[in-house]
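Please show me the sequence and the structure.

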Amino acid sequence: MVEVAVHKQNERGIIEEILPSTGGPFGGISVDRAFEAFLESIFGREILDIFQNSYFEDFQLLFDEFEAKKRDYMHGNYVRIRIPLSLERLLKKKNGIKLSSTLKKSQYTELVKYKNHKLILEPSLFNSFFQPAIDGIIKTIQNVLANQLCGDLTHIIMVGGLSGSKIIQNALQETFPKCHFLIPDEPERAVLNGAVYFGHLPNAVSGRFARFTYGVKICRRFMPGEDQESKGIVVDEELLCQDIFFPIVRRGDEIQTGIGYSYKSKTFKQNQQKLCVTLFVTDDREPKYIDDKGCKSLGSLTTVSYTHLT
């Protein structure tokens, strides 16, 4: 997952968020999936599943090596990835053919060589594993820069594991030559360090924009022609509408550090001794019902009144 957020430092030295964070599923995992799809085209899905389930240590070592190649790759170099002997034997046992012969029949015959239990990948093939991530990140940044609030943006800070990739760094620097890029020596640790720093100095960031809409389930008067008939419920001879999503914080709302949000709730039946308040979350800024698509429960709080107990 890649997220892009825009901040500025105010005159007091405090960080302010300018736009809500945005992004998508094109982080390091998308590169891993592209590599796995490459392996599947060579070995087949069945063999890969057996390899992962029966030889998990070797499976993990294979992807650990790929992870190291992602981080240390130098532009233009061939990439050598060791194939575990257990995977080669599994291929021979299931398909009756050696890995070298399988490669010659594959679509990668001109892009991959096999020598000394290693796959030797052409630079263009290795770069292609990153292309979905590169395209997604570039499009996200372009959308951010198109916002008038970001007209004077001059610096881009890259943190997180994928930020250590030279392929990603070069692609972004070539696409956005007017921006100055700041990349720490260990970008994967920068996220952790920032979390610790923020934990000690929560006021270092003055506020953020809500990424989701949070609210509670309520009942209110039924509105004919607007509410679903199935949501109607009669309580004390009054027609109410149940399962209403009542937003407390909406997606995109600016949330100031240290400011709390309150909500008053009451029972809708007389002499009701228990009150259950359930918190819901959704991506939708204006949800209507708690069972709308994308809404999910985060948890419930039940209080008990002993006023009428004897």
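**Glycine 260**

I looked up glycine 260 first. Glycine 260 sits in the loop between β12 and β13 (274–282). Strands here are DSSP runs of E with at least two residues, helices are runs of H or I with at least four, and both are numbered from the N terminus. Is glycine 260 buried or exposed? Glycine 260 is exposed, because its relative accessible area is 65%. My cut-offs are under 20% for buried, over 50% for exposed and partly exposed in between, with a 1.4 Å probe and protein chains only.

**Ground rules**

The model is predicted, so I noted its limits: local features need pLDDT of at least 70, side-chain atom pairs count only at pLDDT 80 or more, and totals for chains, interfaces and linings use all residues. Residues are numbered from 1 along each chain as its sequence is written, and side-chain values use heavy atoms, with hydrogens and water left out.

**The sheet of 4 strands**

In which order do the strands of the 4-stranded open sheet come? The order is β1-β2-β8-β12, and the pairing is mixed. Two strands count as paired if DSSP finds at least two bridges between them. β1 (2–9) and β12 (254–256) are the edge strands, each pairing on one side only. From one strand to the next, the twist averages 25°.

Next I followed β1. β1 runs antiparallel to β2 (residues 15–24), and 7 bridges join them. Glutamate 3 is opposite glycine 23 in β2. Valine 4 has threonine 22 in β2 as its bridge partner. β1 and β2 make a hairpin with 5 residues between them. In that turn, glycine 13 has a positive phi of about 85°.

On to β8. β2 pairs with β8 (residues 205–209) in the parallel sense, over 2 bridges. Isoleucine 15 is opposite valine 205 in β8. I also found a helix on this sheet: α7 (residues 131–145) lies across β1 and β2, at about 30° to β1.

**The sheet of 5 strands**

I looked up a second open sheet, with 5 strands. Its order is β10-β11-β9-β13-β14, with antiparallel pairing. β10 (232–235) and β14 (296–304) are at the edges and pair on one side only. Neighbouring strands are turned by 40° against each other on average, direction ignored. Which strand do 7 bridges join to β9 (residues 213–221)? That strand is β11 (residues 238–249), antiparallel to β9. Arginine 220 has cysteine 241 in β11 as its bridge partner.

**Helices**

I checked how α1 (residues 28–43) meets α2 (residues 45–54). Their axes come within 7 Å and cross at roughly 115°. Axes are lines fitted to C-alpha atoms, for helices over the stretch in contact, and angles run from 0 to 180 degrees between N-to-C directions. The two helices are therefore roughly perpendicular. That word covers 65 to 115 degrees; under 35 is roughly parallel, over 145 roughly antiparallel, and the rest oblique. Glu36, Leu39, Glu40 and Phe43 in α1 meet Arg45, Ile47 and Leu48 in α2. Contact means heavy atoms within 4.5 Å.

Then I turned to α4 (residues 85–95). Ser86, Leu87, Glu88, Leu90 and Leu91 are buried there. The buried residues of α4 pack against α1, α2, α3 (56–72), α5 (99–105) and β4 (112–115). Glycine 96 follows α4 and has a positive phi, near 65°.

**Aromatic rings**

How many aromatic pairs does the structure hold? I found 17. One of them joins phenylalanine 126 to phenylalanine 129, edge-to-face, at 6.0 Å centre to centre and 70° between the planes. Rings of Phe, Tyr and Trp (its six-membered ring) pair if their centres lie within 6.5 Å; planes under 30 degrees apart are stacked, over 60 edge-to-face, and the rest tilted. Phenylalanine 126 is buried at 0% relative accessible area, and phenylalanine 129 is buried at 3%.

Phenylalanine 212 and tyrosine 214 have ring centres 6.4 Å apart and planes at 80°, so this pair is edge-to-face. Phenylalanine 212 is partly exposed at 32% relative accessibility, and tyrosine 214 is partly exposed at 30%.

Last, I noted a charge over a ring. Lysine 231 lies over the face of tyrosine 289, 5.2 Å from the ring centre. The test asks for NZ of Lys or CZ of Arg within 6 Å of the ring centre and within 35 degrees of the ring normal.
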